[in-house]
Amino acid sequence: MRIKNWIAALVLLIGAQHTNAQPKNDIIIKTNAPIADVQPTMWGIFFEDINLGADGGIYAELVKNRSFEFYEPMMGWKVRQSTFREGSVLVLNRKELAGANPRFLRVKKREAADTLSITNEGFRGMGIKKGLRYDFSLLYRLPAAGLTLHVELISSTGKVIGSSSLSPAVTPGEEWKKAAVSFNSTDSALRGHMNIWFEGTGTIDMDIVSLFPSDTWKGRPGGMRADMIQMLADMKPGFIRFPGGCIVEGHDLSVRYQWKKTLGPIEDRQLIVNRWNYEFAHRPTPDYFQTFGLGFYEYFQLAEDIGASPLPILNCGMACQFNTAEVVPLDQLDPYVQDALDLIEFANGDVNSKWGKVRADMGHPAPFHLKMMGIGNENWGPQYIERLKVFTKAIKEKYPEINLVNSSGTDPNGDRYDYLNKELRSMHADIIDEHYYRRPEWFLQNARRYDSFPRNGSRIFAGEYAAQSDRTVSVYNKNNWQTALSEAAFMTGLERNADVVSMASYAPLFAHVDGWQWTPDLIWVDNLRVNATPNYYVQKLFSVNKGTHVVSALRNKKVLAGEDSLYASAVIDDATGELIVKMVNVSAKAQTIPLNIEGAGKLTGKATLTVLRSDETAAVNTIGDAPAVRPLDEGVEVKNGKLVIDASPYSFTILKFKL
Ligand code: AHR
């Protein structure tokens, strides 16, 4: 009997221990003890005009080389005439009169019986949608009546799928006028083109020959491709970095990005060559130029539209150090610094200020609320620090409230990085921009990178990153599930360290399937469709579930950053009252993960799980096919604050539970 009692007591004791102590592998989430704030800017986007990102991409203009300013003035155009007559189509240059847009086309039709036409091939063809309205326009001069222009949309098989005519009014003397006509298409085409044929006789001067679809973002005439912008809006990004990227620096300083040249009427925006035109001998893109139809005004407007903070990056007086590495002498840096000061005035200034008035005249009297700005893109060395100091002094003196983003170079380690990191921290840099284009293994091994960073002082902007399935700039890089999963694992480390990392963005953002220079990229498009990569879903899921405060998620009192191939982070969202846990399993085996939610009472109810998974780490999403990797929702029961996540092999799971 005594033995029996003793055994019973032992059983009770073991039972009690079982209910009080945490089993060894439970993840304990403490919801009532936030350890860091998540900045509203935490997850954002990096936009650069690379891979036909702007011209041929989000800027919805369908006519390539609309102003005949490419190095080869008739690139993208074909002239056809039934009887060859010398001088029927001439490229004229009025450089002395119109510096920004010197060239135009003179078409002279001498015989009514002749057929004469010009055809534009578009950017890798033109995407035409059945039944949609298309808006054609041009600037012209016509000394005498007699010419009618017939505008036609042509399908990939040569069929006319929409047309209209235009008989421009005679213009007096040298005056340029705008003529426009709109018409609907009767069919779709993935790679259509536009034909203009001339009826009658006479001479017409033509410039800025343009064709836009009417279904642009927010229906703005001359605006952006709505399907591509919607992909960005869906991410609810905290910021948009713009315009790059190396494009900020330029191959040499003459082709650096200059924001002031991207404002006002499109015919006054001087076109320049895109640096990605000739950057890679293995991916030449000789028809890649920057028209700046998408300029700085449109950029600020877009940021406002989608609720993202603008983050413009300015040239710091240095051309790309992989190219010419030109630097502006320190005593001649003033115009560059002035550009930075003026940009702040353009974004935020009173409508009576010089640049605030320019903004107001373009249609936006209210400020754009610019709060941060990058000085230099991927610049390095003492030459960068010297120039940065000049910028910082001038900007902080006039606008102390603006946070400055500074470059830590091209790599997240090595001598260049160490030098810059030390210098920037001694300068008390607001935000340090780090870039990593690395193999998936690097991302897994570096999920703890920021655990040991100083908690005070400069914050980190993970400004450009992407896991490379092959090597950086290799054409064999794929946006496969392995790369996306490793990014998700790494991002749990960024989130855990939200007191150090205040911003992060994948790069590059867009790529056209027929016109890319760099891979991998977040979103692939053709002329009519967009394709979300697995990497896009990872970015989006972090961004739309960013929460407001990080809370601890520990297993055996340690963060989960690679043990058993698992990675985890957790946030709470004050606005929705939810706990959001991100869990990444990079192993080939399914794992059962018990979770204990502490600090919010004995919670019971249903939690949702959003899961991205594939058994194939090589899985990719291909345009036009059902996505191989996409988010799927499931439910899971929470009982007394406990639940179990069955993490599939190679999976990224987001748990959401209303506290
Ligand atoms: O994202 C592509 C390029 O990578 C960027 O332009 C540059 O900043 C980096 O080297």
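**Pockets and ligand surroundings in a predicted model**

In this predicted model, the lining of the largest pocket draws at least three residues from each of domain 2 (45-61 + 226-249 + 280-524) and domain 3 (77-213), the domain bounds coming from an automatic or database domain assignment. A pocket is here an open set of points, on a 1 Å grid over the protein atoms alone, where a 1.4 Å probe fits, with protein on both sides within 12 Å along at least five of seven lines, and its lining residues have an atom within 4 Å of a point. Residues are numbered from 1 along each chain as its sequence is written. Local features need pLDDT of at least 70 and side-chain atom pairs pLDDT 80 or more, whereas totals for chains, interfaces and linings use all residues, and side-chain values use heavy atoms, without hydrogens and water.

The space in the largest pocket amounts to about 700 Å³, and among its 33 lining residues Phe212, Pro221, Gly222, Gly223 and Ile266 are the closest to its centre. The second largest pocket, with a volume of about 340 Å³, is lined by 21 residues, of which Phe322, Glu378, Tyr437, Val473 and Trp518 lie nearest its centre.

The residues that surround the ligand, each with a heavy atom within 4 Å of it, include Glu48, Trp276, Glu378, Tyr437 and Trp518. Oxygen atoms of the ligand lie 2.8 Å from a polar backbone atom of Cys246, 2.9 Å from a polar side-chain atom of Asn377 and 2.7 Å from a side-chain N or O atom of Tyr437.

Methods: Grid points are joined across faces, edges and corners, and a volume is the space filled by probe spheres set on the points. A polar contact is a pair of N or O atoms within 3.5 Å; within protein, one must be able to donate a hydrogen and the other to accept it, and residues adjacent in sequence count only if both atoms are side-chain atoms.
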